[in-house]
Amino acid sequence: MPITATEPQTTQAKQQRKITSHDLYKLRFLRDPQVSPDGRRVAFVLSTVDRADNRYRSTIWQLPLAGGVAQQVTGGPKNDGRPRWSPDGRWLAFLSDRGEAGPQQESAGGGKPQLWLLPADGLGEARQLTFMRLGVAEFVWSPDSQCICFVAAVDEPGVLAEAKRDRDMGAGKLARTGAPDAAELAAQGAEKSNAGAGMTDEEGGSEEFGSPLRSPEPAHESAVNEEKNDANRPRVISRFSYKEDGGGYVGPERVDLFVIDVPAVSDLYGFASTLAEHDLATMPRKKEEKKDEELVKERDPRDTARQLTSGDYNEFSPRWSPDGKWLAFCSNRLPDRDLTPALDIFLIPSQLAAGGAFAEPRQLTPGIGPSGEPAWSPDGKQIAYVGHAHQGEMGGGFDNKLWLLDVEAGAASVRCLSEGFKRSLGHQVGSDMREGVGDESPIWSPDGQSIYFAASDRGANYLFRLDLVKTAPTAGAAGDSYSHPEAGLPITRLSSGTPSLLTYSFGPGQQQLVYAGSDPLTPNDLYLLNADGSGQRRLTEVNTPLFAEVQLSEPEEIVIQRDGVTVQGWLLKPADFEASKQYPFILEIHGGPHSAYGAEYTHEFQLLAARGYIVLYSNPRGSQSYGEDFANAIRGDWGGVDYADLMALVDAVVAQGYVDTARMGVTGGSYGGYMTNWIIGHTDRFKAAVTQRCISNLLSFWGTSDAGIFFGMYELPGHPWDDPATLKWYLDHSPISYLKQMKTPTLIIHSEQDYRCMIEQAEQLFAGLKLRGVETQMVRFPNESHGLNRGGQPRHRIENLERIAGWFDTHL
Amino acid sequence: MASNPKRPFAPEDVYRLRTAGDPRVSPDGKWVAFTLRVVDRAENRYRSNIWAASLDGNNVRRLTSGPSSESQPRWSQAGRLAFLSDRGKEGERDSIAGGGKPQVWLLEMDGSEARQLTYLREGVSGFEWSPDGTRIALVSEVEDAELVGYEERIRKMGIRATRAPGQPEAELPSAAEEAQGADAPTPSEGDSSAQRSSPKPAEGETDSSEYDKSEENKPLVVSRLHYKFDGTGFYDTKRSHIFLADVPIPATDMEDILAAFDLGSKPKKKDEDAGQGAAKKDEKLNPKLKQAQERDPRDTTRQLTSGNWDDGELCWSPDGSLLAFSSSRSPERDYNISINDIFVVETSTATLPPASGEATGSFPVPRQLTRSQGPASAPVFSPDGRVIVYAGHLDPNDHAGCTPVRLYALDPAQEQQEATCLTADFPRSVGAEGVMATNGDHRFSTDGSQLYFFAGDRGNSSIFSVPLAPPTSGEGAVGATSSGSGPEASTNVTRLVNGDNFRMTGFDLLGDGQLVYTMSQTFIPSDLYACALDGTNRRRLTDLNGKLLSELALGTAEKFTVENEGLQIDGWLHKPAGFDAGKQYPLVLQIHGGPQSSFGDGWTLLNHVLVGREYVVVYLNCRGSTSYGEDFARGCLKDWGGGDYRDLMAGVDYACTLPYVDSTRLGVTGYSYGGYMTNWIVGQTTRFKAAVTQASLSNMMSDWGTCDTGALFDDMEFGNPPFDETALYLERSPLMHVRKVETPLLILHGEVDYRCMMEQAEQMYTALKYLRKDVEFVRFPNEPHALFRRGQPRHQVEWLGLMAGWFAEKL
C-alpha cells in the first residue's frame, strides 16, 4: 500500500529519472481530512486519474491515527467525496454520484451527487439518503446527529416563470396585435391535410412557450415543441449574470437549504423498511412529456427532505447553532444582486413552521461587504465570520478579516477581531494540483476563548489562533503585527508553513489536528499536529511510489527590495545544475491578479525544470499573502508596478550569471496571460512566450467575461464608455494596443469554453500577431473552461504541458 | 377555402416557402430543369429536388424525389440529365464511397431511374459535362499532403519538439497503448498498482493526434490567419481539386449494369490487403492521408489537379481538350482572400496517376492566364475556343465588394497576360450582388460575338449584352464614371431585359432566342420565367408558391426617392394589407447588411413578417449600397455611422411626413451591418421606440480580430487595422455610445456566427444591461451568420417571431 503511517523513506535511494508531463497520470490527489469524533481515525478523499476514461475518480479512505495501514472505505468507478462523521460517531456521510443514471432516475437525481450514509461500525454497504433531482452540493450534521442540513439546487418557480415569460417574448403578443387568426388560417392552409386537427384553445396555446411560433399543426407540434433537443433551443437571456465559467449558462435552478432526518440504523438497514423502499423505487414513474413547472414539483417518492428556503437566491455554508434550533447561512439577497456581488449571513429556524411556510431569514450582518464562513461560538450567542468592508468587491484584493457578532443584537454588534492582522484569511496560494480547498470556516475552541483560522502569509498557508482574551499589543516580525492594535487580541501562528496547510480537522477536545498540506516537492499528504503547533508528524506518502523514481528540483528563494517593499520569488534549477554553466530561463506569472505562488508542488514548474530550464515564479505587486496594500498596488495600474516588479526579479536572476539571456521565455495564465501579452509588447528580452487563457483587449473583455464588469468596477478604473479618460485607460492598458512592438514568437493556448477570458481574447491577439508577421500559433482546447491546467481532462492537461514546454524547447 | 378571408404573412409560413434556382435549358429547348428548395419540417432542414418546366409554360414535372437533396441539374448535349444527390447510402461501410455525400447521378430521361456515376469519398461539389458528353469534369475534396504534413508539423511543434540536451522524447501514449488502456479491465477497488504496472509509453510513433480518439475533443492547432469561416467552421486539411470521369454510354447491356452492381456489393477489404504492394511503402504515410487514399472500387475518376489550394468553377473548351478553372494559388493567399486567377489545364488522362494503387503518374501543370491582380472567376470559353471571358476586377485590396465586377477577355494560350476589359465603362457590377461575390453569370451568344450577362441596377436586376470586341475606351475610362450615371452611360453595353421590378437569382440561354431566369419580386418569393432576348414574350413558367400566396394578403409597396446631401436615395414603403390611408400606422425601418448590398423589388422575408403585423416598413439603399455605382458603394468607407446613417434618417424623415405614419411609433431593425446600424442608431437618437438588432456588430475593435474575415474586411471598411486607426474604430463602435441608448433593444444572435462573433452581442448586452436599459438577448445554438440561408427552419421561424413580438410589445 502506498498509503502508510510509517516513517517517510528517503527519496534518494535508486536511479532517478526526470519528471514528465505524463507523470500526471500517476499523481494522486489527497484532500479533505476528517478526524472521527473518537479521534481514532481520519477519513479523507483520494483522487486518481482514470487514464482510459480520461477523467478523475475519487474514493474515500480512512487511516487509523494510532498507526497502521490506510484502508479504502468507498469503491467503485464514480466519485465519492466530502466525508463527514456524525457527531455521535455512528455514521460516515459522504457525497457520491454513484446512483444509477438514466431517464427513469432523472427525478431522483440519478448519476448526480447525493448524500450517502455508511455505518461507522463497518456493517453494511452505504445507503442513499437523498434523491434530489439536481443533486446535493454541501451538507452539515446537526449537533445531535439526528438530521443533516444540505444545500441543493432546485428549479426555482419564480425564475422558471421568468424564463418562461422570456421565451414567450415575441410570442404571446401575436394574439394581441391583430392577425389573431394567422395561425388558424395557416392551419387550414397547411399542405398536410389535417382536417379536424384544430389549433389549441387560447389557454392551451399560452401554455406553449412559443405560441406565436405556433405552427399550422396541432400545438404539440408547434415550432418550439418540435424541438426535442434542449441544446438546440434558443437561449433567451434577460438577466445580467447569465453564464459562469465552468458552469455554463445559468438556468432556472437556485440553491436552497434542506433538512433531512437521518433514520435509525435499524430503519435504514432493517428488513421491513428496506423492502418498502424497494417498492417505492420500482414504482413505475410517469414519463410522458412534462411541463417545466411540473418538473419542479415532481420529487422522487423516496425524497423526504424538507426545504427551508426558497426564492431567487443561492444559499450556502449552512451552520447549525449548538442547540440545533437555528441555522446560519450565507446568501446574496440584495435587490441588485445580479450586479452587486455581495454576501451576508442570515438566520432561520431549523424547523419548518407549522403549515410548512418558509421562514423569513433574519439578516445578521450589516451588508457592508462580503460576509461568509459563519462559525457559532460554543454557547451559541455569537457568530464569528470572515469578510471585509468593501461592499461589492469579490476580486480578492482586500484582506479578509475575522469578525464577531452577537446573534441577539445582530448587525449593530459587529466588530472586527483581526484589525491588526495584515494578512487575508483563507488560502491564497495556488498551484496546478487542485481547484479550491473546501471548507475554510474558523473554528472555536471548546471553551470559547479562542478561534482558529487559516490564512496565507508570504506564499504559504498557515493555521492561526486568535485569543479573545485581551493582552497588551505585541509587534510581530517585520512590522507585520499579528495582533489587534487596540483590542490587543493576540494572534499566534501554529503551523510551520512546511508544508503549507490546506484543510484541517480537529480531533476530540481539540488536542490535535490533522491537515492536508503540500510543499514544493510534495503534493498533498496528511500531517498530524498538536493544537499548540508542536509535534508535527507526516501520516501519508501517497505519491512516494512516483517520487521515488523521479528527480525534483528544490526551490531557492529570491527576494528583492523595491519602493520599500520586499518582492519574493523562487527559482527552480535543473537537477544537474552547475553554477558555471548557462541555462535557458522561463518566467512564470500567476493569475488573479490577487492570488499567489509559493510553497506548493506545481507540476508545470517541475516539468520545465526537468526539461533543463531555470524557472522563476514569484509574487509581484498585486499578489496576495503580503497584505492588501501590496495586493491593491496594481488597482488601476495593470502593466505598471507589477510589470516593473517582474522585470526587476528577472534582472536579479540574470545578475547571478547562470542565465543564458539569449534564451529567456515567459508564460502565465489568465492575468498571467495578460501580463505575458503585456511583456511581449514592452520588451524584446524574451525569445519565446506562451500566453494561456489570456486577456489581450480589456475593452472587449469587459463585455464578454462572466466577471468583466466586476473587474471594471473594482480592479480597473471604471467602465470603458464612462468617459474618454477611462476609455483611454482601457486602451493604454490593453496588450493589443502594443501589437506593433510585439516581436516575440508566441504560443496562444486557450479553452473554447473559457467564459472568464473568452476565446475572442485569444483570437484578437492571434489575428494581430499573424497579420504583423510575428511567429505565432493558437491552440484551442475544446470542452475546457478557464481551469484547464488544474481541472481539465487529464489528456488535455498533459497536452497543455507538452505544448508549453515544446514551444520553449523549439524557440529557446 | 376560396371563401376564406386572406390573412397576413406569419413567421411559420417560412415552412411553406419554395425557392427555385439554377435553371438549365435542355438542348432540345423543351424543358428547363431547375432546383426547388422546400423545408423538410420533420427533419428541420432544407431539401431540394430537381424539377423541370416546359418552356411553353404548360407543364411542370418533378424529376427527382425522396428525402435526399439534389442540386446542379446539367444537361449533356445529347439530353441526358446529370445532377448531384446525397441519396447514396450512409454508414461506416459506405464512407469510402462517399455515401450520404453529394455524388453525380445520371438520369437518362428515358423512363429509367437515376444511376450513380461517382463514388468519391468526399462527394462532389460541382461538375460540368464535356462538350461531347463522354466525360464529366468535377470538383471534389482530397486531403492535401502538404497541408496534412504542415498541420502535423505544427501539431508536433509543441509535442515532438527538439529536446533539451539529454532529454528523452516526451512520453506520449502510443495508439496501441491507448487502445490497450481502453480495453483493460477496470482495476479492482483499491488496486492502485494498476497505474504503476501499465506499460511504459512506447517511444516513437506518437503524437498529439493519437491522444484522443474523439476528433471533437482534440485541441485545434491554428497557425494560419484564416482558420475559420462562417457556416463552414474551422478549416480542415482538405482541398478542392478537379477530377475527370468517363460517362458510360446509356446502358443497354444488362451485364454492364450488373457488373457495376457486383462491384458495389463486394465486401470491402480491410487495410491489410488494400493495395498490398503499396501497404509496405506507405508505412510512413500519415494515417490520415493513407485513409484518404483508400477509394471505392467503383470510383474510376482520375484526379487532374493537386496542391495546397482550391480549384473550382469549371468550363470545358469546345473541343474538350482544355478545362478552364479558377483558383487562388497566390503565395499571399492566406493573407489576401480576394486574389485568384484563371487557369487552363489539359484534359488528356494519358499521364494522369491511375485511379488507385501506386502514384506513378504526374499531374499536368495548369497554365495561369491572369496576373494575380484581383478576384477572377467564372471563366467561359467562346464557341470557337479562342477566347475565355471571366468576371473579376483589378483591386486586390477590395474585400468588401465596392469595385464593380467586370468582364475580361483572355487568350487561352497565353500565360499571365493583360486581360482585355469588355465592360470598362459599364458603371455596374456584373453578376449577383453581395459582399465579396465575384461570381458572375455570363454566357456567349451562339456566334460568339456577344456576351449576355445580368447585373444589378438601382436595387433590381437587368440583362445586358456586350460585344466581344474590346471597348475603345479601355480600363482608363472607369474613373470617369460617376455614381450619377446609369448603365446606359456605357458606350458598348446594351440593356436587353429591363428588370426594374425584380431581382434575379440565376439565368440560362437557349441559343440566341430564349432566356430563362429565376427571380423574386416583392410579392413573389421565387419563380421561373422565360422571355425573348429583347424582353418580349415574357412568361411565367412556374407558380411555386401559388397556393400559399392565394391565402395571403401581403399589402402593397411603393418606391420613393429622397435627396440627401446631393445624393438620390432610393427607398420603398411596404404597407399592410387592408391599408387605410385615414389611419396611422407604426413604422419600422429595415436596414440591409453588407454594407455593400442592396434592397430592391425582391422578396424580403423580414419585411413580410413585419407588414403581417400591421407595420409600415420603410427600407432604403443608403450610401454603401451596391447597384448604384462604385462611388456610391464606397460612400460609407471610413464613415460607418456617418453619411449612411444620415441617408437612412432622411428616409425616415420623409416617411414621417406621410399622413398615415405615426411618427411617435418608430421601430428599427437590421441584420449584420444592418444590426451594426441598428446598434448605432439607438446610440444616436431616441426617436425609435423599439429596436431589434440581428447578427450585429457593436465593438469594431474586437470585431477586427474575431470576425472570420475581419482583418481584411475591417481594413477595407475602416481604412486600416485598429492599431493604426484606433480613434475611428472606437468612435464608430456602437458600444461607445451605450449611455445614450433609450430605445428598448432585442439582440438576436447565432452562437456559431463566425462573421459577427457572439462576443459582439455579448458586449452590447452586458453594457446595456449593466446600465439597466431595456434589453433582452436571445442566443440561437448551432446557427451561423447566414441563418436565413443555411439555418434550421425552426430557428428561422422562432427568430422572426421574436423579432415581430418585440415590436408588438414595445412599439
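Predicted model: local features only at pLDDT ≥ 70, side-chain atom pairs only at ≥ 80, totals over all residues.

Tutor: Set aside its neighbours within four places in sequence, and Ala805(A) is in contact with Leu607(A), Leu608(A), Arg611(A) and Tyr613(A). Ala805(A) itself sits in helix 19 of chain A, which covers residues 794-811. Its relative accessibility is 0%, so Ala805(A) counts as buried; the cut-off for that word is under 20%. Now take Val690(A). Along the sequence, 115 residues separate Val690(A) from Ala805(A). In space, their C-alpha atoms are 9.2 Å apart.

Tyr613(A) leads on to another residue. Tyr613(A) touches Ala805(A), and Tyr613(A) is also in contact with Phe585(A). Phe585(A) belongs to the largest nonpolar core, which has 207 residues. Phe585(A), Leu587(A) and Leu589(B) have the most contacts inside that core.

Step back to chain A as a whole. Its secondary structure comes to 19 helices and 41 strands. Of its 812 residues, 62% count as buried. Look next at contacts in chain A between residues at least 6 apart in sequence: 62% of these join residues at least 24 apart. The accessible surface of chain A is about 29,000 Å². Carbon and sulfur atoms account for 51% of that surface.

Now the backbone. Most residues other than glycine have a negative phi, and most peptide bonds are trans. Some places here depart from that pattern. Gly592(A) and Pro593(A) are joined by a cis peptide bond, with omega about 0°. Pro593(A) is in the loop between strand 36 (583-589) and helix 10 (603-610) of chain A. Chain B has a cis bond too, from Gly594(B) to Pro595(B), where omega is near 5°. Pro595(B) is in the loop between strand 34 (585-591) and helix 8 (605-611) of chain B.

Phi gives other examples. Asp32(A) is not a glycine, yet its phi is positive, about 60°. Asp32(A) lies in strand 2 of chain A, residues 29-35. With a relative accessible area of 13%, Asp32(A) is buried. Asn537(B) also has a positive phi, near 55°. Asn537(B) lies in the loop between strand 30 (524-532) and strand 31 (539-540) of chain B.

Next, a helix in chain B. Helix 15 covers residues 758-770, which makes 13 residues. At 1.5 Å a residue, helix 15 of chain B should span 18 Å. Its end C-alpha atoms are 18 Å apart, which agrees. 13 of the 13 residues are buried, so helix 15 of chain B is largely enclosed by the rest of the structure. Arg772(B) follows helix 15 of chain B, and its phi is positive, near 60°.

Chain B also has an open sheet of four strands, in the order 9-10-14-15, with antiparallel pairing. Strand 9 (126-129) and strand 15 (302-303) of chain B stand at the edges. Each has a single partner strand, so one side of each is left without a neighbour in the sheet. Strands of a sheet pair through backbone hydrogen bonds. Strand 9 of chain B is joined to strand 10 (residues 135-143) of chain B by four bridges, and the two run antiparallel. Phe127(B) stands opposite Leu138(B) in strand 10 of chain B. Strands 9 and 10 of chain B form a hairpin with five residues between the strands. In that hairpin, Gly133(B) takes a positive phi near 75°.

Last, the cysteines. A search of the whole structure finds zero disulfides over all chains. Take Cys622(B): the nearest cysteine sulfur belongs to Cys636(B), 7.4 Å away. A disulfide needs sulfur atoms within 2.5 Å, and Cys622(B) is in no disulfide. Cys622(B) counts as buried, at 1% relative accessibility. Cys656(B) is in no disulfide either. Its nearest cysteine sulfur, that of Cys622(B), is 17 Å away.

Notes
Residues numbered from 1 in each chain as written. Chains lettered and ligands numbered in written order. Heavy atoms only, no water. Pairing = 2+ DSSP bridges. Buried < 20%, exposed > 50% of the residue type's maximum accessible area, 1.4 Å probe, protein only. Contact = heavy atoms within 4.5 Å. Core = buried A, V, L, I, M, F, W, Y, C linked by side-chain atoms within 4.5 Å. Expected span 1.5 Å × (residues − 1). Areas by Shrake-Rupley, 256 points an atom, 1.4 Å probe, with all protein chains shown as cover.
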